[in-house]
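Subject: Structure handover

Hi,

Here is the structure I promised to pass on. Please open it beside this email as you read.

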Amino acid sequence: MTLLDSPAPTAPDGYRFRTQPPVGTPASIVDWVEGVAARTRPDAIVWADGSQEEFDALAELMVSRGTMIRLNPEKRPNSYLVRSNPADVARVESRTFICSLQREDAGPTNNWVHPEQMRDTLDGLFDGVMQGRTMYVIPFSMGPIGSPLSRYGVQLTDSPYVVASMRIMTRMGERALERITETTPWVKAAHTVGYPLAPGQQDIPWPSNELKYITHFPESREIWSYGSAYGGNALLAKKSFALRIASVLAHDEGWLAEHMLLIKATNPEGKEFHLAGAFPSACGKTNLAMLQPTIPGWKVETVGDDIAWLGIGDDGQLRAINPEAGFFGVAPGTGWSTNAVAMETIQSDTIFTNVALTDDGDVWWEGATKEPPAHLIDWQGNDWTPDSGRPAAHPNSRFTVSAANCPSISDDWEDPRGVAIDAIIFGGRRATTVPLVVEARDWAHGVYLGATVSSEATAAAEATVGTLRRDPFAMAPFYGYNAADHWKHWLEIGRRLRAAGGKVPRIFQVNWFRKDANGKFLWPGFGENSRVLEWMFSRIEGQTAAKETPIGLVPVDGGLNTTGLDVSSEALAELFRLDTAGLLSDAEDAAAYFDGFGERVPAELRTEIAALRERLAS
Ligand code: GTP
Ligand code: SPV
Ligand code: MN
């Protein structure tokens, strides 16, 4: 089939999808689309323009197929519920591959297969895989349209759910395509649900395949994804491009692609600070990105909640953009008391995936309200009551919503130059050992804190919930190259920042998740985390002294603002208690973890461990 004889795909009455490439589309894109179409043999090709009309038509199509349920427009205008196949509910790290030419370039955090071998496998899997379906072409920009920091890609997919989600999560369609000329580099991203339809075969609400491959070719900057329609497996602009491929681009070009939230905080005097924070999946980035301070006079505004691209600006500052245009946030635990801003953001124009349906056509999940409704339809479509003994929403259920819907979105969130970063924080979910907040002694120590992030597994990881895992820079699942080279790159960025003479961001480690002997969180978290932000920014301003400890700088007695805070002095002491034995064993564990990277671990990080052990031992 050639593009010119692509038939019109099914569309709701009165809507015509665009079946031809817009005039001026670079030949490189047209050729690639034709090549993939020749292999996958879709019934039709649609060039997504990104319009509201197109989104509405796709939604209507999905409602008619039973993929989407339109929610009650009085409760939740322009919003939809989607239920995935129960075997397709999260990223699958075990099926994610980095296919670099050399195994060592993927490093021990990644599954590696030689690119030639993977191409053979994919050739078989993609052969005729889109039969009976429409292939959608999605040109997209990561980063504000026209920003020098933005990068472009084209995703092909046979999933209308992916097209609709990409419209929320990225700047896509016509306005992105217009920016791609014959000389603009762009990333190829091919995706299929892996469920071809024989002539006359009835489709199912959530087509997917038991077999999954999420593959990346860092040298040729390509992504090929097979078998899943869920989140990071399928919205290839997100983790596959903006982290795995972008981390390689960033390493080569001298910038950083990170799993970080971005916020602007304003102090009572009106001074603004920007913070970038790396936390593993489901460890509170969205919450911190939308934080409502409990301390008077402070304001926090949202720049991004998941991914940041950072580089050294002309002014010598570390500057960051949020390459995304929306939020793909964890629903459970999101409620009016924990994240009111998110609750407001998702009042309308939202796609919900794998949450529960209420009897009046709205959505619910654990933590949405204190009291669960008396009856629900759960995420698998079954009747549910509070005594059902199982969660109504999947623990990794998500909302997909435009950042523009967020009432706390910062006025500089689309600044093409990016925001100038004052502080970088690393956090994980640690029930013991790691204090509430520690300031790094210097940049190299901060890089050590980043490289040794560890966290108890949540539902987003394919591990037993609660087991401890190393997640350096919260990037373990998202590295496109050898993690040890990333740590070296961070040390290099530090040197370049100092040489540039601008302000060098301070680095901090935080842990909202320390527990008491009864397993109860010692710190109330959420809005109260503003107290920790206040301490960090007063440190940057030179307004607060800090106490030296073997692991870094902590607040002096009374240094953390506890006015109006409902935490006992015992709990506060426990939050900062230095568990020397635990810290030493953490350092041993970090050293053993580094050993897995062999020679590629930068000498500076080995020095950090040795110095830390010495300080702890004395
Ligand atoms: P990804 O989107 O998967 O990258 O994750 P994320 O880091 O954006 O995760 P998110 O913000 O959705 O994390 C949500 C989980 O963290 C929920 O279980 C929240 O209850 C919990 N959480 C967030 N902030 C806090 C906090 O300050 N204290 C405690 N105890 N839990 C928190
Ligand atoms: C994460 O798992 O860190 C996410 C969700 O942000 S996903 O986009 O599915 O990777
Ligand atoms: Mn994430």
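First, the ground rules. This is a predicted model, in which local features need pLDDT of at least 70, side-chain atom pairs count only at pLDDT 80 or more, and totals for chains, interfaces and linings use all residues. Residues are numbered from 1 along each chain as its sequence is written, chains are lettered from A and ligands numbered from 1 in the order in which they are written, and side-chain values use heavy atoms, with hydrogens and water left out.

Ligand 1

Helices (H or I, at least four residues) and strands (E, at least two) are DSSP runs, numbered from the N terminus.

Now the close atom pairs. A backbone N or O atom of K285 sits 2.8 Å from an oxygen atom of ligand 1. In the side chain of T286, an N or O atom is 2.9 Å from a ligand 1 oxygen atom. For the side chain of D306, the distance from an N or O atom to an oxygen atom of ligand 1 is 3.0 Å. Taken alone, ligand 1 exposes 660 Å², and the protein buries 90% of that. Accessible areas come from the Shrake-Rupley method with a 1.4 Å probe; for residues, only the protein chains shown count as cover.

Ligand 2

Which residues surround ligand 2? They are R91, G231, G232, K238, K239, H259, S281, D306, F328, R398 and F478. By class, that makes two nonpolar, four polar and five charged residues.

An N or O atom in the side chain of S281 is 2.5 Å from an oxygen atom of ligand 2. For G232, a backbone N or O atom lies 2.8 Å from a ligand 2 oxygen atom. The side chain of H259 has an N or O atom 3.3 Å from an oxygen atom of ligand 2. Taken alone, ligand 2 exposes 290 Å², of which the protein buries 97%. The elements that give two or more residues to its shell are α6 (231–234) and α7 (237–253).

Strands

In strand β19 (residues 350–353), T350 and F352 point one way, while I351 and T353 point the other way. All are buried (under 20% relative accessible area; exposed is over 50%, partly exposed in between; 1.4 Å probe, protein chains only). In a regular strand the side chains alternate between the two faces of the sheet.

β19 pairs with strand β3 (residues 80–82) in the parallel sense over three bridges (two strands pair if DSSP finds at least two bridges between them). V82 stands opposite T353 there. With strand β24 (residues 398–402), β19 pairs in the antiparallel sense over four bridges. F352 faces F399 across that pairing.

There is also an open sheet of four strands, with the order β21-β20-β22-β23 and antiparallel pairing. β21 (363–364) and β23 (383–384) stand at the edges, each with a single partner strand, so one side of each is left without a neighbour in the sheet. Strand β20 (residues 356–358) and β21 pair over two bridges, with L357 opposite V363.

T358 belongs to β20 and is buried, at 14% relative accessible area. Its side chain makes a polar contact with the side chain of D360 at 2.5 Å. A polar contact is a pair of N or O atoms within 3.5 Å; within protein, one must be able to donate a hydrogen and the other to accept it, and residues adjacent in sequence count only if both atoms are side-chain atoms.

Other residues

The structure holds zero disulfides (pairs of cysteine sulfur atoms within 2.5 Å). C283 is buried at 1% relative accessibility, and C406 is buried at 3%.

Phi of N78 is near 50°, a positive value in a residue other than glycine. N78 sits in the loop between β2 (68–70) and β3 and is exposed at 51% relative accessibility. Phi of T433 is near 70°, again positive in a residue other than glycine. T433 lies in the loop between β26 (423–427) and β27 (437–439) and is buried at 5%.

Best wishes

Methods:
Near = heavy atom within 4 Å. Nonpolar A, V, L, I, M, F, W, Y, C, P; charged D, E, K, R; others polar.
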